[in-house]
Amino acid sequence: MWIWGGILLVLGYLATGSFMVYDAWSAGLTGSEVWRGVPFLTLTLLFLIGLMVFSVTTRHLGGALQHNRHERKRLQAKLRERELGVSSQAEAVLLQHLPRDMSDAVLVHDESGVIVYANPQAHRLFDYEPGALEQRPLAQLIPPWRNDEVAESTDVERVVTDQRTQRLTRRGRLVMVSLSASPLKDPAGQGIARICVIRDISQQQAADDQARLIQSAIQHSDQPMAVVDAFSERNVLFWNQAMVNALPPGDAYETKGTLTQLLRDLDVSGRYEPLREAEQGRDILIGTDRVWLAQLTPLSQGRNAPSELLLSCVDITELHRQHQQVAASEQQLAQNWKHSSQPMCLSDHRGRLLQQNPAFGKLFQSPLPDSLAPALANGEWDRIHEQMQAHGAADCRASVQVGPDAYLEVQVQVIALEEHNHQPRWFWNWRDDSKGHQQRNAESWARSVLHSSSEGIATTNAQGFIDFINPAAESMLGCRAADVVGLSSEHLLKPLMAEHQSPIDRALRLGRSLAPLKVSVASDTDTPRTLRIVAGPSHNGNGQLVGGVLHIHDITDMERDASEMTHFARHDGLTGLLNRREFLLRVDETLETVRSGQSENVLAYLDLDKFKPVNDSVGHAAGDELLRQISTLIREQLRKSDLLGRLGGDEFGILFYRCDLDEADRLMAKALKGLHDFRFHWGEQSFQIGASVGLVAIAPDAGSGEELLAMADTACYAAKQAGRNRVQVYAGDMAQSVEQGSLWPQILQRAIEADQFTVDFDHASAGSTNALPGYARMQLRLHRGGELLPLDHLRAEAKRCGLAAELERWQIGYGFEQLRQQPDTGSWLALPVDAEMFSSNQFIDFARAQAERTGIDPGRVVFEFSEPDVMFRLSQLSEAMNRLVKCGFRCGLTQFTFSSGILACLRMLPLQVIELDPRLTRMQGEDQPSQNILVDAAVRLGHLQGYRVIAVVDDHTDLIQWVQDLQVDYLFTVNESGTGQETSPDESRSGHYG
């Protein structure tokens, strides 16, 4: 527009100038006059040009101003953006410094879900190097199966508060987290990013799961349990149904109340106060109706103070009642002892007088003799001592010196009692035949003993009428003495027996004892009780028949235990397979069928390869689990008719019925392939196991199962020498080529003759504060092929070579010699002995002869027998142990499992020491209160029986402290490789005792 304005202005100027010149010319002005007006025109023109320039400038200036206004707005917007950028930078600085001091992880991501910031805690939580999370998509942290959370997690406008979810680390590990998120907005209120605060709650989740597991275990336990808080009120938070059932019936238990109220409801009768002083231990709660063994166990873990306590109760009413009966019986016996007019005394097995009643003091003139041996005239002491050694009792007439020149004829009865304070005791009952009232007092004392006996006893007169029945018989037969005394014996047993004549009447008529009878009687439980009844006549001192006697034994538990013992005796406790003894019996049976020409059979001997590294690297618990899995794997590869047994260690035997060598070879090749493909996993470690197998056809000319097994073993050794992991069939000349099998007789014979064994002495530490003698166990081993072979392996090879007896004699002789070199210590030495060898009397005689030769005190020697051997040879070992105790030695039981079978046999075994099975202590833990109570009950039982209790635990401070709190007497600590330290081959042949 301003261009057109300029053009019009110039045209106007030209027109004006033209008119002015025309007017001058018209007026007659000259040219000079006309040009005088030029300056005016020039000024006018300059004015117009300036006006035009001003217009143009004004136009341009207005545009410039307009442009400046837009530019100013743009600059203001840019300034605002700059200010916003400064704010974001400040916020970023805040995010970079403040979260570093936080314990939670912090992430910031933009609208596209890319992480723009992560604090160090976030990098540690998700296993990333510092700075490696930035510029990564947030979706990488979300597990693939939670794809629905990807869109929600990248929404910057979404607010999240304490959301529990799963996140994925760089190494693929799942982490349970609590997520809180809030948006970061611009000044306009639009979300531009989101900050996430993440907390690792994996441990909390595991603790919650563990708490639910504990609560479920408590709820389903048949043992009364309750959970109380650990504060002064002791409020009951939870109890299980077993606790509700233990409470008296009523409707007052809707509110659980406090621990004090709960214990009152259990009929504790005020004895709940001692429990408060034993929160970390146990206490016996005696109520009006029930007796409980209670324990409070903290449920918290770590160093924090417990917030909850677990109250577990075991009903020991019956055990407490029996204990009271025993105490009452002992008190009654003590009263009878003190007030009886019958002379009685106690002595040791050498005749040294230990205790006597007042009547005994009247028998001898003062002073009393120190020993009964010189008081018995005419060599009577030797005769009584011989009877006691043979039968444990003696009943004879004797002449007793009661003064310098005075003698008295008496009838003396001697009975060997259980050891007291680890000393054998003999009970002496003296009766003057010239005084009838002493005989009546003796009968009264005998009846009091029968009255307190746990064996049911009933007696009749010569006509068969009942004149006595003790409380035990009343309980077994379900009758009362007041109702049956004076009646014929038929009224006592007729309801139980189908026979018309009472067994006592038959015994009186025949004049001899009858064979034992078994009868079944009803009981309070659904299971009937089984009674063993023995009837026989009773004679006086002159041989005249004076009546009958009925002995009643409750053998219900014994028969049940016998069934369990039969199973335990035939099967391996670890794998459940047949053990070596039962497997060999089956081989012998198969050999008989082969000799009769009925079938063709094959025997296989399988020895695992690379088994020892498993035990050495990850421990014996892993080795046990591997043996169980291998047993299952081998069983799956065999036919249903084939028989699998564990021969010991990592060795197995397989009996193929109705099978030739080719078929057996094919089956074993299939089993070896399965073993080769098998991988054993323990923790983060993996192992590959192989096996070598020897096969032998069961030929009719084979001597025995042991010979067949030795042939298969020889073939197995040949397979190992040929490269392992293969099957080898036995050939006739193979025994000459297998060095391991052929050299064992020479190796053992040379070791026995030249004393080449390695002997270590494992010394136990004192488990309690009581002053006890030292305790050590002798460990016999032998170096062979770079290995230190244990005693069990040596015994197995010695039995094959016929040197088992020589090996056992060497061990006994060496142990006694070590005791002779330490005469003043008074400590005990434990010798693990072969139960099969000690079933015969020759080894007991040998041990006694060695003790006399070395001059040691037999009481310092403890012969240890394992529980499986005792269960398998109960009757033989019971007799052998009694003979050892009579010789002055001590007997111990190892691998004590506290099972019902061994508990039923304890009364038959003269034990002084028991060693708990290591598996009892290895299963201990804060989450196993029932296991803790079981171990504690085993220790209490041992102390109640007067045993020295030994525990074997892993070398772990918490386990050792826990076992010491149980007040065990001795403690062996072991590492993963076993008890004690190994001796290298170039060291001396043995360690030294002391």
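Modeller: Two strands are called paired if DSSP finds at least two bridges between them. Helices (H or I, at least four residues) and strands (E, at least two) are DSSP runs, numbered from the N terminus. This is a predicted model, in which local features need pLDDT of at least 70 and side-chain atom pairs count only at pLDDT 80 or more, while totals for chains, interfaces and linings use all residues. Residues are numbered from 1 along each chain as its sequence is written, and side-chain values use heavy atoms, with hydrogens and water left out.

I start with the sheet that holds strand S1 (residues 105–110). S1 is joined to strand S5 by 6 bridges, and the two run antiparallel. Within that pairing, Val106 has Val197 of S5 opposite. The whole sheet is open and has 5 strands in the order S2-S1-S5-S4-S3, with antiparallel pairing. Its edges are strand S2 (115–118) and strand S3 (160–168), each of which pairs on one side only. With direction ignored, neighbouring strands of this sheet are turned by 30 degrees against each other on average (axes are lines fitted to C-alpha atoms, for helices over the stretch in contact, and angles run from 0 to 180 degrees between N-to-C directions).

S5 (residues 191–200) also gives the most residues, 3, to the lining of the second largest cavity. A cavity here is a set of points on a 1 Å grid over the protein atoms alone where a 1.4 Å probe fits but cannot get out, and lining residues have an atom within 4 Å of a point. The lining consists of Leu107, Phe126, Leu138, Leu141, Ser153, Arg167, Leu179, Arg194, Cys196 and Ile198. The volume of this cavity is about 70 Å³, and 5 cavities of 30 Å³ or more are counted.

Asp127 is found in the loop between helix H4 (120–125) and helix H5 (148–154). Asp127 has a positive phi of about 60 degrees, although it is not a glycine. Its relative accessibility is 15%, so Asp127 counts as buried (buried means under 20% relative accessible area, exposed over 50%, partly exposed in between, with a 1.4 Å probe and protein chains only).

Ser347 is buried because its relative accessibility is 0%. Leaving out residues up to four places away in sequence, Ser347 touches Arg352, Leu353, Leu354, Leu372, Pro424, Arg425, Trp426 and Trp428 (contact means heavy atoms within 4.5 Å). Arg425 lies 78 residues from Ser347 in sequence, yet their C-alpha atoms are 5.7 Å apart.

Strand S18 (residues 517–521) pairs with strand S19 (residues 529–539) in the antiparallel sense over 5 bridges, and Leu517 stands opposite Ile533 of S19. S19 is joined in turn to strand S20 (residues 545–554) by 9 bridges, again antiparallel. Here Leu531 has Asp554 of S20 as its bridge partner.

Another open sheet has 5 strands in the order S22-S23-S21-S26-S27, and its pairing is mixed. Strand S22 (643–648) and strand S27 (727–729) are the edge strands, each pairing on one side only. From one strand to the next, the twist averages 20 degrees. Strand S21 (residues 602–609) runs antiparallel to strand S23 (residues 651–656), with 6 bridges joining them; the partner of Tyr605 in S23 is Gly653.

Two helices pack on this sheet. Helix H21 (residues 620–637) touches S21, S22 and S23, and its direction makes about 150 degrees with that of S22. Helix H23 (residues 705–721) touches S21, S22, strand S26 (690–697) and S27, and its direction makes about 135 degrees with that of S26. The buried residues of H21 are Ala622, Gly623, Leu626, Leu627, Ile630, Ser631, Leu633, Ile634 and Gln637. These pack against partners including helix H20 (612–618), helix H22 (661–677) and strand S24 (679–682).

In the loop between H23 and S27 sits Asn725, which has a positive phi of about 55 degrees although it is not a glycine. At 32% relative accessibility, Asn725 is classed as partly exposed.

As for the protein as a whole, there are 35 helices and 37 strands, and 43% of the 994 residues count as buried. Among contacts between residues at least 6 apart in sequence, 54% join residues at least 24 apart.

Terms used
On a 1 Å grid over the protein atoms alone, a cavity is a set of points where a 1.4 Å probe fits but cannot get out, and a pocket is an open set with protein on both sides within 12 Å along at least five of seven lines; lining residues have an atom within 4 Å of a point. Grid points are joined across faces, edges and corners, and a volume is the space filled by probe spheres set on the points.
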